[in-house]
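Dear colleague,

Please find the structure below, followed by a short account of what was found in it.

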Amino acid sequence: MMDAKIAQRPQFSAWIDSDKVGRKSSSSLRVPQKLREGRCRVLISAHLQPTRSSNRHKSISLEVPCSYREFPGAPRLQSGSFNSPFDEALILQNKSQEIEPYLSGRCIYLVGMMGSGKTTVGKILSQVLGYNFCDSDKLVEEDVGTSVADIFKLYGEGFFREKETEMLKRLSRMHQMVVSTGGGAVIRPVNWRYMQHGISVWLDVPLEALAQRIAAVGTNSRPLLHDESGDAYTKALTRLSTLLEERSESYAYANARVSLEEIAAKLGYRDVSYISPTAIAIEALERIECFLREEDGMAFGTL
Ligand SMILES: Nc1ncnc2c1ncn2[C@@H]1O[C@H](COP(=O)(O)OP(=O)(O)O)[C@@H](O)[C@H]1O
Ligand SMILES: O=C(O)C1=C[C@@H](OP(=O)(O)O)[C@@H](O)[C@H](O)C1
């Protein structure tokens with residue numbers, strides 16, 4: 001065996017060196033006692049050396065169900081090719097270096113529903129591209145001096161939307177920023193005029209995953225979800241599905257679309273909740289690259 005790694009699911013991001021993983025036979029790994037005691041869930045990724053019958057490197061992965069909490073719908077066993085967090089970080093780094101010169105300093109605007117990961121993925125992208133990160137909701141909050149939830153309560157949605165547009169206008173004069181926009185920024189055509197100064201990327205996440213993420217953190221900071229009744233998941237799912245119906249055409253204006261369902265299919269995951277934010281950032285850069293190629297034709301790659 002050339003290399004063996006054990007990594008927890010990305011949310012926990014722990015690493016164990018290959019020399020701490022015992023090898024029982026040519027095709028199995030012994031999981032250290034600490035991990036077998038049920039303290040965490042691990043993905044074991046093993047990269048196999050070429051054999052006499054095949055001269056190709058192979059990757060296999062195995063998910064070991066020893067988590068301290070269950071993930072609904074999580075597969076017990078997964079096989080197939082798997083990118084470890086280390087591989088992902090490297091791919092992300094390479095891809096960002098490859099495309100950064102072609103951005104010409106243009107800002108990247110992440111659009112998508114509440115909870116689609118605009119902030120999480122945006123921070124990763126800004127770091128790797130050497131850009132600044134900015135959250136348009138935070139700019140509005142700083143400008144008004146109170147939270148988005150309070151702005152809705154005190155002044156109404158119309159006032160918030162005006163402020164949001166004002167912030168996007170300000171941002172459109174800036175360069176080298178990754179902007180996490182509010183989920184509703186796409187509904188005003190004027191906002192698109194500002195966002196067109198940069199490159200827009202839609203994070204397209206299935207409703208159930210959005211509702212799960214939002215339920216996990218609560219709906220307090222998201223005023224558009226306050227009116228629904230039921231538990232946090234049901235509230236989020238009900239309202240988000242109406243909003244998505246109203247907005248999906250607007251999200252589709254984005255220059256690039258990152259579909260979590262497509263990433264899951266590509267990586268062989270049954271559930272989009274298995275996709276790490278880094279893998280989403282990689283896909284975002286790949287989609288941006290496609291956009292740049294279309295935009296510039298054969299000029300892309302000549303720098
Ligand atoms: N790929 C992901 N997998 C699991 N949880 C995620 C992922 N991306 C974001 N989250 C979680 O979902 C919630 C919303 O993410 P966030 O980045 O704030 O979304 P947005 O800015 O689009 O509202 C946060 O609690 C975040 O930790
Ligand atoms: O979808 C929306 O209309 C909104 C999304 C929120 O931003 P996030 O997408 O960052 O949660 C925030 O702008 C406001 O609560 C309205």
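**Surroundings of ligand 2**

Ligand 2 is surrounded by 13 residues, the closest being Lys118, Asp137, Arg161, Gly183 and Arg247; a residue is near a molecule if one of its heavy atoms lies within 4 Å of it. This is a predicted model, in which local features need pLDDT of at least 70 and side-chain atom pairs count only at pLDDT 80 or more, while totals for chains, interfaces and linings use all residues. Residues are numbered from 1 along each chain as its sequence is written, chains are lettered from A and ligands numbered from 1 in the order in which they are written, and side-chain values use heavy atoms, with hydrogens and water left out.

The shell around ligand 2 consists of five nonpolar, three polar and five charged residues. Here Ala, Val, Leu, Ile, Met, Phe, Trp, Tyr, Cys and Pro count as nonpolar, Asp, Glu, Lys and Arg as charged, and the others, Gly among them, as polar.

Several polar contacts (pairs of N or O atoms within 3.5 Å) involve this ligand. A polar side-chain atom of Lys118 lies 2.7 Å from an oxygen atom of ligand 2, and an N or O atom in the side chain of Arg161 is also 2.7 Å from an oxygen atom of the ligand. Gly184 takes part through a backbone N or O atom, 3.4 Å from an oxygen atom of ligand 2. On its own, ligand 2 has 380 Å² of accessible area (Shrake-Rupley method, 1.4 Å probe), and the protein covers 95% of it.

**Surroundings of ligand 1**

Around ligand 1 there are 14 residues, and the closest are Gly115, Lys118, Thr119, Thr120 and Arg222. By class, six are nonpolar, five polar and three charged. Oxygen atoms of ligand 1 lie 2.5 Å from a side-chain N or O atom of Thr120, 2.8 Å from one of Arg222 and 3.0 Å from a polar backbone atom of Gly117. Taken alone, ligand 1 exposes 560 Å², of which the protein buries 77%.

Definitions and conventions
A polar contact is a pair of N or O atoms within 3.5 Å; within protein, one must be able to donate a hydrogen and the other to accept it, and residues adjacent in sequence count only if both atoms are side-chain atoms.
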